[in-house]
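This briefing covers helix packing, the nonpolar core and a few individual residues. Please read it alongside the sequence and structure shown next.

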Amino acid sequence: MLDSLVARIARWAGLFFSGVFAGFLVAVLVLESSLRRFDRHTYTQVRHVELDSLDRLAAVTLLPALIATASLLAVTYRARRRPRWSTLTALVLLVGILVLTLVVNLPINADQLDWNAQAPPADWATVRDHWQIAHGVRTAAAVLAFGALIADATATPHGTRRTTPHRANTTPPEESPLRQRT
């Protein structure tokens, strides 16, 4: 009973946080894509604004999504049920996002904080492109993880099938007025 309650809470928490995280990443992707047509000064100024608080938003949505999804897998495994592939896929994608963020995006973010908006470095476009490519990969993985968690939440339990209720014999008996010819 407790495992079932924990699983339900973990499932919905994972859905909520991964959905907010994926939506956030999509919004940043749109913003970053629109920045491509601006010069280095504008790009640097906007990045400074982004870096003011967006990293915190990413952390407070990605980390709970990871914890909830891992908890769901743990509870499912502890109950001696086979975890769904969709849940495992979501966890692998979320872990991959975390690793990519730590290895590529956060170091670039830290570097960009030190950029002077009046005199960005000469390789600013290359750095921007590396960040945006990694961000695009993170965004695609986040959307896929959210989709996998939706698939988990909407799947029927293992070993059951949804069928239509069985009806009693619908053929009217011989003596029924429906069977008699007029």
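Helices are DSSP runs of H or I with at least four residues, numbered from the N terminus. Arginine 47 belongs to one of them, helix α2. The model is predicted. The points below take up the packing of α2 against α4, then the largest nonpolar core, then arginine 47 and leucine 54.

**Packing of α2 and α4**

- Helix α2 spans residues 40–78 and helix α4 spans residues 124–154.
- The two helices pack at an angle of about 30°, and their axes are 13 Å apart.
- Angles under 35 degrees count as roughly parallel, and α2 and α4 are therefore roughly parallel to each other.
- The crossing of α2 and α4 is left-handed.
- On the α2 side, the residues that meet α4 are Arg40, Tyr43, Arg47, Thr69 and Leu72.
- Their partners in α4 are Trp124, Arg128, Trp131, Gln132, Leu149 and Asp152.
- Sorted by class, this contact of α2 with α4 has five nonpolar, two polar and four charged residues.

**Nonpolar core**

- The largest nonpolar core has 27 residues.
- Phe21, Phe24, Leu62, Leu94, Ile97 and Ala142 have the most contacts inside this core.
- At least two core residues come from each of α1 (2–35), α2, α3 (85–113) and α4.
- The largest share, eight residues, is supplied by α4.
- In soluble globular proteins, nonpolar side chains tend to be buried together.
- Isoleucine 97 is in contact with Phe21, Leu62, Arg138, Ala141 and Ala142, leaving aside its neighbours within four places in sequence.

**Arginine 47**

- Arginine 47 has 2% relative accessibility and so counts as buried, the cut-off being under 20%.
- Not counting residues up to four places away in sequence, arginine 47 touches Glu32, Asn109, Gln112 and Trp131.
- Arg47 in α2 and Trp131 in α4 are both among the residues listed where the two helices meet.

**Leucine 54**

- Leucine 54 also lies in helix α2.
- Its relative accessibility is 27%, so leucine 54 counts as partly exposed.
- Leaving aside neighbours within four places in sequence, leucine 54 is in contact with Phe24 and Val28.
- Leucine 54 and valine 28 are 26 residues apart along the chain, and their C-alpha atoms are separated by 9.1 Å.

Definitions and conventions: Residues numbered from 1 in each chain as written. Predicted model: local features only at pLDDT ≥ 70, side-chain atom pairs only at ≥ 80, totals over all residues. Heavy atoms only, no water. Axes fitted to C-alpha atoms, helices over the stretch in contact; angles between N-to-C directions. Parallel < 35°, antiparallel > 145°, perpendicular 65-115°, else oblique. Left-handed = near helix turned anticlockwise from the far one by under 90°. Contact = heavy atoms within 4.5 Å. Nonpolar A, V, L, I, M, F, W, Y, C, P; charged D, E, K, R; others polar. Core = buried A, V, L, I, M, F, W, Y, C linked by side-chain atoms within 4.5 Å. Buried < 20%, exposed > 50% of the residue type's maximum accessible area, 1.4 Å probe, protein only.
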